[in-house]
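Please read these notes with the model open beside them.

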Amino acid sequence: MPVDLNNERPLAWDSATLDADTKAMLDNLQPNILRAHVREHMSLLFVRFNDVAEGRAFLRGIATTRMKSARRHLEEVRDFAAGRGRGTPYVGIGISKAGYRDLGHTVEDVRKFGDEVFRDGMKRRIARAGDPPVEEWERPYQREIHAVILIGDAEPGPVARLREEILDELPESARLLGEESGHGMRNRAGDGIEHFGYVDGRSQPLFLKDEVDREPKQHWDPAFPLSNVLVPDPFAPDPSRHHGSYLVFRKLEQNVRAFKEIERDLADSLGLKGADRDRAGAMLVGRFKDGTPLTLKPEGGGGPVVNDFNFDADDGSKCPFSGHVRKTNPRSFGREVIMARRGQTYGDRTDDPSDDSPPEVRPSGEVGLLFMAFNSSLLSQFEFTQEFWADTPDFEVPGTGHDPIIGQGARDLKVTFPKVWGKPEMSPPHAQVPQTVTMKGGEYFFAPSLAYLRNL
Ligand code: HEM
């Protein structure tokens with residue numbers, strides 16, 4: 001029986017009664033898709049092959065000697081929690097449409113990928129996502145990338161070693177077109193943050209029973225079917241048991257100085273005073289810096305970061321409809337759009353991103369997010385979110401404005417902000433805040449099953 005990807009019940013992956021097909025699925029799936037892998041330190045290698053046999057042998061070599069399965073990863077997490085040893089580094093592979101062609105798959109073959117966004121590649125979709133022209137992207141991304149190799153670990157040492165080893169194995173015919181390195185940042189509470197200083201990565205679709213069981217779920221159900229991220233791998237020996245996932249990668253530069261000026265100016269223009277000034281930034285993100293959802297509270301405050309909430313009791317007077325987390329997950333509908341975000345921040349800071357230093361000491365470039373997310377459909381998840389939610393000023397209700405964090409396109413429409421949290425008193429029409437996140441390049445990949453990679 002093929003694995004039922006639409007099963008709504010979270011996967012009890014280590015249950016003794018797990019059926020053989022599901023086991024085979026987990027043994028052949030890459031890690032970091034169903035559950036986030038530790039990747040405090042990351043290296044991303046973007047390569048181009050140029051020789052079918054050598055490209056295949058290179059990927060097969062990585063898959064057989066360095067990659068673990070999703071099941072092995074889950075066992076490592078379980079053992080680590082029980083004090084039985086540390087995990088091993090994460091190595092993942094994504095192949096682009098052009099990469100599959102270069103590995104010898106025919107045009108007809110590549111049509112087996114159901115996702116037209118993947119089949120087009122990112123450069124041909126810029127109009128849909130509102131992206132800058134390709135000539136403005138960073139050089140490596142302007143070129144034809146065939147594959148990305150992702151290396152991640154809690155420590156920098158193993159990542160550096162694996163990077164060296166993998167680069168040594170790159171055949172003469174192949175080229176390293178570019179590389180990125182990411183490393184996590186944390187606030188004083190130990191939560192992961194992004195460069196604007198806000199807790200990130202908290203809200204995720206969960207697929208595994210042990211993860212779902214740990215979450216309260218009165219107002220928001222964090223459990224999602226595998227169909228949100230998995231599809232049969234069309235080129236694997238047995239696509240009914242061998243799965244993969246579409247991976248979107250985007251390098252998103254953040255102008256932190258400009259964003260901090262915007263927070264300050266918005267607080268000034270709304271006349272926010274004292275602790276209430278933090279609400280300016282929270283209205284843009286939808287959460288306070290410490291992760292507190294703005295729809296729940298007028299100010300941030302202690303405790304674990306809450307994710308059990310929805311916007312049902314919020315007409316926009318608490319969290320504006322434009323707030324990033326509301327735009328990208330309205331929560332009362334659109335569950336099939338939700339993707340598994342697995343990005344990491346890049347760039348070094350001399351300041352402390354989580355403190356209250358003035359904008360002048362903040363970086364205006366060279367830092368940002370290596371946005372990555374796994375999808376079962378790039379068309380109806382990532383691209384849909386970007387095009388129809390973030391970039392659409394009339395979503396979710398007319399006059400909402402763009403997503404202030406990731407929205408792209410002219411922000412002509414004027415918007416209003418709640419002056420007092422939860423009260424109907426709105427500001428006069430206010431210009432939308434300027435764009436502070438710039439797309440510097442990216443590509444769409446497919447993270448194939450290990451069965452495919454080992455058989456190359
Ligand atoms: C959540 C920041 C890019 C989709 C968040 C959160 C922050 C954040 C601070 C709240 C933490 C959480 O709820 O997990 C950023 C920054 C970005 C960026 C600074 C760019 C530099 C994107 C992109 C997308 C996206 C490109 C998709 C097109 C989401 C989604 C959530 C989220 C779906 C979770 C919403 C929820 O389930 O409540 N982001 N993000 N983000 N972001 Fe982003």
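How many cavities of 30 Å³ or more does the count come to?

1. The count comes to two cavities of 30 Å³ or more. A cavity is a set of points, on a 1 Å grid over the protein atoms alone, where a 1.4 Å probe fits but cannot get out; a pocket is an open set with protein on both sides within 12 Å along at least five of seven lines; lining residues have an atom within 4 Å of a point. Points are joined across faces, edges and corners, and a volume is the space filled by probe spheres set on them.

2. This is a predicted model, in which local features need pLDDT of at least 70 and side-chain atom pairs count only at pLDDT 80 or more, while totals for chains, interfaces and linings use all residues. Residues are numbered from 1 along each chain as its sequence is written, and side-chain values use heavy atoms, with hydrogens and water left out.

3. The largest cavity holds about 70 Å³ of space. Its lining includes Leu 284, His 402, Arg 411 and Phe 417. By class there are five nonpolar, five polar and one charged residues (Ala, Val, Leu, Ile, Met, Phe, Trp, Tyr, Cys and Pro count as nonpolar, Asp, Glu, Lys and Arg as charged, and the others, Gly among them, as polar).

4. The second largest cavity has about 30 Å³ of space. Among the residues that line it are Gln 30, Arg 35, His 73 and Leu 74. Five of the lining residues are nonpolar, three polar and one charged.

5. The second largest pocket contains about 700 Å³ of space. It has 31 lining residues, with Lys 260, Asp 278, Lys 289, Asp 355 and Asp 356 nearest its centre. The lining divides into 13 charged, 10 polar and eight nonpolar residues. Its largest share, four residues, comes from α11.

6. Why does the span of α11 agree with its 14 residues? At 1.5 Å a residue they should span 20 Å, and the end C-alpha atoms are 20 Å apart (the expected span is 1.5 Å times one less than the number of residues). Helices (H or I, at least four residues) and strands (E, at least two) are DSSP runs, numbered from the N terminus.

7. Buried residues of α11 include Phe 259, Lys 260 and Glu 263 (under 20% relative accessible area, 1.4 Å probe, protein chains only). The buried residues of this helix pack against β8, α12 and β13, contact being heavy atoms within 4.5 Å.

8. The iron atom of the ligand has a single protein donor, His 324 (NE2), 2.1 Å away. Donors are N, O and S atoms within 2.8 Å of the metal (3.2 Å for Na, K and Ca); water is not among the atoms, so sites may look incomplete. His 324 is in helix α13 (residues 324–328).

Conventions
Buried means under 20% relative accessible area, exposed over 50%, partly exposed in between (1.4 Å probe, protein chains only).
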